[in-house]
Amino acid sequence: DGQNLFDPKTSFIGVDWQIDETADSLIRKCEIAEIIIVGIYNTPDRLQEYSDTEIGRSYMHFIINDVKPFIDTPYRTLPDRENTAMMGSSMGGLISLYMVWRYPEIFSKAACLSTSLQWNYGAIMKEIENYVGPKKKIKIYSDNSGGGSEGGSAPMYQKLKEILIEQGFQEGVDLEYYYDAAGDHSERSWAKRAWRPLKFMFGIQKKK
């Protein structure tokens, strides 16, 4: 949902994430590393693009094989997995979780805000829970709001956290979960807490 990140004129209901102002402020205060944020607009096929469907799998390949090289070629990026992350909300959070989980050789971290975990009867949670193999070397940020349509879904997000812990993730190390009691399922709420995943993924440890 890249159209919602930078400009209220293009954003849903006229409210953007203000992610540019947030990132710039954190960078200037030396709280996160310098980063490049790439916002990809959705299409009318959004629900299919952002889930585990044929279109969604093609979308993941599009980001890996087309978008990432397109950004890495002309811009001064650090293209390795350690410096590459995905971030999104709602269905965008779902596809971000799928991408970091399935392609840890490309992405080392993902921020999944108000993720649509219920999609396809919780298929992503079952996939993570049933995973057998070496622990994935990735970092995952997850959160949810307490109001609106998310109000009664807190147990689902708690379950995701528990599943990740069972898979070897540690809170404060490679896992962070935040509950925004006053928030709702909207760009306005995601804008207010976007600094949290940015610091979790790209934070700079200050010298004592």
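Trainee: Which residues of helix α1 are buried?
Mentor: In general, an α-helix has 3.6 residues a turn, so residues three or four places apart point the same way. In α1 (residues 19-28), the buried ones are I19, T22, A23 and L26. They sit on the same side of α1 because they cover an arc of only 95° around the axis, taken from the directions from the helix axis to the C-beta atoms. Buried means under 20% relative accessible area, exposed over 50%, partly exposed in between (1.4 Å probe, protein chains only). Helices (H or I, at least four residues) and strands (E, at least two) are DSSP runs, numbered from the N terminus.

Mentor: A word on the source: this is a predicted model, where local features need pLDDT of at least 70, side-chain atom pairs count only at pLDDT 80 or more, and totals for chains, interfaces and linings use all residues. Residues are numbered from 1 along each chain as its sequence is written, and side-chain values use heavy atoms, leaving out hydrogens and water.

Trainee: What covers the buried residues of α1?
Mentor: The cover includes β1 (85-89) and α8 (195-202), going by contact (heavy atoms within 4.5 Å).

Trainee: How many aromatic pairs does a search of the whole structure find?
Mentor: Six. Rings of Phe, Tyr and Trp (its six-membered ring) pair if their centres lie within 6.5 Å; planes under 30 degrees apart count as stacked, over 60 as edge-to-face and the rest as tilted. W101 and Y131 are edge-to-face, because their ring centres are 5.4 Å apart and their planes at 80°. W101 is buried, at 3% relative accessibility, while Y131 is partly exposed, at 22%.
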